[in-house]
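Here's a quick tour of one protein model, written for someone just starting out. Take a look at the sequence and structure first, then read on.

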Amino acid sequence: MANDGPVEHGYPHLETVRAAITALYRRLSYDTIQTFATSVAPVDVAFCDTDDLYLGAQRVARELVRHYRLPDARMVVGFREMTHAANVELTAGPEYFIELNDRFRTHRRDIGAALAHEVMHVYLHRLDLSFPGMRDNEILTDTATTYLGAGWLLLDAFREDAVSSQKLGYLTPEEFGYVLAKRALVFGEDPSVWFTSPQAYSAYVKGMARAREDEQQPPLTAAGWAGRRRYARDRRHADGPGPQPGVPYTFTPDVGGRLRVSFPCPTCHQRIRVPVRGRVRARCALCRTVLECDT
């Protein structure tokens, strides 16, 4: 939790974020991810100053349990002084103890954001899905929270001005915006209407621009002129020494010596391998996205 400290910006964790999206599709399947097409609604996690602190926190936790489809999980929420925003004790269940930072006693509008991340820890724990190392595992948790419909709360908790700042989670604001945009492109959802923070909206716009770039990389037909020109040059020299740096695609021969190109799916980032033979329509086996390619 960044509280009146410097907020990191940009995309320093982008490769881990993409790996997390792939891992979600592999572990949950396309059909299960489709059941999360509707995000947590603002009205269901709203928390005003007149609400009882503990009853309100329990109500929001129950709503997130419902959203993540954890019907046999019970969250017990408390508050204490701590460095981090929150912490959850991962046990066999069905009861889980979540501790929130004492600052949320007076910053109640962000309790939903903190709980969204901690309840996702429980969800991933039950799935037995994790990344090695605390940093990467927290990035996985932020990514899963966002991609499965509750992470807009985490981005909306980002506020920054000349004298103060606040950010929850391990992703940068732009990375949260990127994952939200990836989700929006899949489900046709516009989370920007829920933001109360102007800084969150700006980060989402930047993230959407970065997500759109994924759909405009060769050999996809939506690639721009410069990318297509470089792709054609790299294809001519595909029998040279190894893959070209700075591009997402790689050329390799198949068993018959015919050239193939592999590239990441712009939706789930699993690598797809297709023959180099001009116009090709490919279908990602993991997320079922149909891709128009010019190889």
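Two strands pair if DSSP finds at least two bridges between them. Helices (H or I, at least four residues) and strands (E, at least two) are DSSP runs, numbered from the N terminus. Keep in mind that this is a predicted model: local features need pLDDT of at least 70, side-chain atom pairs count only at pLDDT 80 or more, and totals for chains, interfaces and linings use all residues. Residues are numbered from 1 along each chain as its sequence is written, and side-chain values use heavy atoms, leaving out hydrogens and water.

**Strands**
- Strand 3 (residues 86-89) runs antiparallel to strand 4, and four bridges join them.
- One of the bridge partners here is Glu 99 in strand 4, which goes with Asn 87.
- Five residues sit between the strands of this hairpin, where Gly 93 takes a positive phi near 80°.
- Strand 4 (residues 95-101) also pairs with strand 2 (residues 74-80), this time in the parallel sense over seven bridges.
- Arg 80 has Asn 101 of strand 4 as its bridge partner.

**Helix 4**
- Helix 4 (residues 111-127) should span 24 Å because its 17 residues count at 1.5 Å each, times one less than the number of residues; its end C-alpha atoms are 24 Å apart, which agrees.
- Of its 17 residues, 15 are buried (under 20% relative accessible area, with exposed over 50% and partly exposed in between; 1.4 Å probe, protein chains only).
- Just after helix 4, Asp 128 takes a positive phi of about 60°.
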